[in-house]
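Trainee: I am new to this structure and would like a close look at one part of it. Could you guide me through the bonding and packing there, step by step?

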Amino acid sequence: MDESFPLLDVQAGHRQKLCGSNYPLSIAFIVVNEFCERFSYYGMRAVLTLYFLSFFHWDENLSTAVYHAFSALCYFTPVIGAIMADSWLGKYKTIIYLSIVYVVGHLIKSVGAIPSLGNQAVHVVLSMVGLFLIALGTGGIKPCVSAFGGDQFEEEHTSERSKFFSIFYLSINAGSLISTFVTPVLRGDVKCFGEDCYALAFGVPAALMVLALVVFIAGSGLYRKTPPQGNVLLEVCKCIGFAIKNRLKNRSREIPKRDHWLDWASEKYSKQLIGEVKMVTRVLFLFIPLPMFWALFDQQGSRWTLQATKMNADFGIYVLQPDQMQFLNPLLILVFIPIFDLGLYPLIDMCKFNFTPIRKMATGMILAGLAFGLAAIIEIKINETDMPQLVPEESLIRVLNLAKNPVQVTIQEKDLFQQPVETFQNPAEYSKLILNGEQQSLRFTLQHQGLTLAFNYTVKEKSVYSLIVFEAEGSLSSRLITDLEAKPENGLAAVRFINGLSQDVNLTIDSRKFIAVQKNYSPSEYSLLERDRYNNGKCITETGEFPLELGLLDFGASYTIVITNISGGAVKTWKSEDIKANNVHMAWQLPQYLLISAGEVMFSITGLAFSYSQSPASMKSVLQAGWLLTVAVGNTFVLIVAEAAPMAQWAEFVLFTVLLFAVCIIFSIMGYFYVSVDPEDLEEKEEKRETSSRGNMIGLVTQKTKL
């Protein structure tokens with residue numbers, strides 16, 4: 001219904017109540033809309049980092065940077081939405097129009113995740129356009145939906161309005177909780193186009209956003225719609241800008257000073273507005289250190305998810321996807337809020353400790369810092385199973401003896417392999433090979449049963465090799481093959497085969513993997529597989545088809561499987577674990593999620609309540625914009641660190657820990673000197689205070705300023 005008839009909307013909303021209560025029926029549509037929208041947003045964002053890493057094959061730093069650039073944009077655009085709603089369209093139309101933009105962005109993003117549609121450049125362009133539209137949509141409606149819900153209540157129903165905001169917050173966390181658990185399952189457990197189904201993982205959130213829009217429009221006839229009232233944020237910015245400009249114009253020492261720098265706006269703006277802006281700027285000054293908390297907090301979807309890909313995710317009855325760990329945050333928030341409000345805070349009050357809002361926020365910062373300290377320790381433990389980082393003129397090598405007797409291997413001018421290599425001996429760790437340039441031709445000597453054989457191979461720097469020693473056609477031979485240089489990504493397992501038979505074979509690992517391997521110890525390429533037990537494979541040869549059992553291929557491991565012979569109607573194999581499996585369990589991330597979620601409850605909820613209590617009613621939207629901008633700035637900081645100062649992941653975690661502790665000290669000092677006020681009392685004092693501003697106007701350089 002057109003917003004030019006707000007009285008009709010008020011009457012319609014007044015007639016229809018929810019279950020005989022004082023709650024307008026219209027809020028049911030708003031709450032359902034918010035649940036679907038939050039499901040849509042958090043579900044899409046949960047798989048975003050792995051999408052960049054696996055689908056685009058970007059490195060971890062670029063994936064992290066783009067993820068946080070998107071997150072930052074989502075918290076810059078609420079300013080645009082607030083201006084559109086308050087100065088131009090009103091909240092209802094702003095929500096409708098930007099939701100349409102939101103839906104279009106989701107659809108483009110989903111189409112961009114279809115592998116068969118164009119090349120990678122097409123996928124990147126579609127994805128970036130989709131993400132931009134999603135950021136504009138989700139950010140633009142963010143400041144409108146909750147305020148629009150509050151508009152549905154009559155002034156006398158303040159308690160119902162307060163409970164509505166609690167339900168509204170619950171719907172946000174419920175949408176986040178369910179989506180961060182479900183969409184990773186759609187991504188990882190469902191396969192489409194032969195790989196992870198990102199198109200489905202983005203398509204379901206797109207469908208939820210369509211549902212959100214349909215539900216919101218369905219309640220149109222019930223809504224109480226208020227026309228645009230003018231944007232307070234713009235007025236505040238203009239007032240501050242005019243004060244600064246006026247002060248710079250009047251720098252003469254002959255002009256009397258004023259009590260506050262904002263008093264220089266008194267030529268154009270009312271004393272009431274200036275007084276309210278003073279109250280807001282006091283709180284906004286306290287916001288300056290806050291982005292550092294969000295810089296850490298929002299890495300749950302980037303760095304912590306990437307850390308989870310390098311861990312063991314087997315929980316016995318269920319194998320968790322690495323991006324599913326994010327569901328712990330909304331779950332813990334829902335658990336912690338009543339525990340803190342009904343248990344912890346009253347207990348602290350009983351101990352006569354003055355746990356002020358500033359102290360709660362500082363404690364939240366400390367908890368987040370401790371969470372990142374734990375993340376650094378876990379990262380160090382994870383790195384113990386990583387391949388060594390190679391530098392120029394370095395390579396790694398090992399020997400796989402597939403012959404019937406021990407072999408002594410020596411390399412020209414290299415002091416390696418002091419002991420004979422036993423037949424089918426599980427290889428020790430790789431040995432470091434120092435070269436004299438980017439590549440070097442080396443002479444390998446094999447001593448076997450009194451015979452000495454020599455082979456020449458060219459070895460390149462920063463490469464990993466296996467020297468295969470085998471018997472073919474009655475004589476000893478060897479082959480130098482290239483191994484993986486790093487762990488398989490995303491917790492996958494890598495496997496390759498060496499065919500020790502005298503005939504070619506075709507292998508079927510599962511319904512999707514078919515590998516052809518030539519005879520006489522020829523190696524296959526590596527295949528990446530989901531972690532699982534593969535005991536239902538097949539080996540097809542000239543003489544028939546035989547069952548193939550590979551056993552468990554574990555998270556992040558690399559395997560070489562040698563087909564030795566066929567006997568008893570089955571294929572006999574020997575399996576070597578080239579790169580160790582992930583041995584740090586994903587459950588070790590739970591303490592860091594506990595700490596950072598507890599920190600969020602103390603920091604975020606307390607911070608919003610405190611800042612609202614310190615500002616006049618007309619300035620609440622300004623503080624909301626300021627609060628959201630701290631989140632945007634925090635994400636921007638992560639983006640800069642990821643791209644400008646790449647470092648070892650554990651060192652980056654330590655850096656963020658130290659920075660947050662330093663910022664916490666600064667914030668605590670600022671809070672110590674901050675004097676809490678009651679905005680109503682401050683407004684009364686501002687009205688009564690005698691100023692000499694009229695007398696000070698003598699000699700001002702006005703330069704025909706429009707008043």
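Mentor: Let us begin with the link between cysteine 192 and cysteine 197: the torsion about its S-S bond is about 110 degrees, so this disulfide is right-handed. The model is predicted, so local features need pLDDT of at least 70 and side-chain atom pairs pLDDT 80 or more, while totals for chains, interfaces and linings use all residues. Residues are numbered from 1 along each chain as its sequence is written, and side-chain values use heavy atoms, without hydrogens or water.

The sulfur atoms of cysteine 192 and cysteine 197 lie 2.0 Å apart. The count comes to one disulfide (a pair of cysteine sulfur atoms within 2.5 Å).

From there we may turn to helix H10, residues 232-249 (helices are DSSP runs of H or I, at least four residues, numbered from the N terminus). The axis of H10 comes within 11 Å of the axis of helix H11, residues 271-287, and the two cross at roughly 95 degrees (axes are lines fitted to C-alpha atoms over the stretch in contact, with angles from 0 to 180 degrees between N-to-C directions). That makes H10 roughly perpendicular to H11 (65 to 115 degrees). On the H10 side, Glu235, Val236, Cys239 and Ile240 meet Leu273, Ile274, Val277 and Thr281 of H11 (heavy atoms within 4.5 Å). By class, this contact of H10 with H11 has six nonpolar residues, one polar and one charged (Ala, Val, Leu, Ile, Met, Phe, Trp, Tyr, Cys and Pro are nonpolar; Asp, Glu, Lys and Arg are charged; the others, Gly among them, are polar).

H10 also packs against helix H17, residues 620-644: their axes come within 8 Å and cross at roughly 80 degrees. H10 and H17 are therefore roughly perpendicular to each other. Here Val232, Leu233 and Val236 of H10 meet Ser621, Val622 and Ala625 of H17. The classes in this contact of H10 with H17 are five nonpolar, one polar and no charged residues.

The whole structure holds three cavities of 30 Å³ or more (grid points, 1 Å spacing, where a 1.4 Å probe fits but cannot get out; lining residues have an atom within 4 Å of a point).

Key: Angles under 35 degrees count as roughly parallel, over 145 as roughly antiparallel, 65 to 115 as roughly perpendicular and the rest as oblique. On a 1 Å grid over the protein atoms alone, a cavity is a set of points where a 1.4 Å probe fits but cannot get out, and a pocket is an open set with protein on both sides within 12 Å along at least five of seven lines; lining residues have an atom within 4 Å of a point. Grid points are joined across faces, edges and corners, and a volume is the space filled by probe spheres set on the points.
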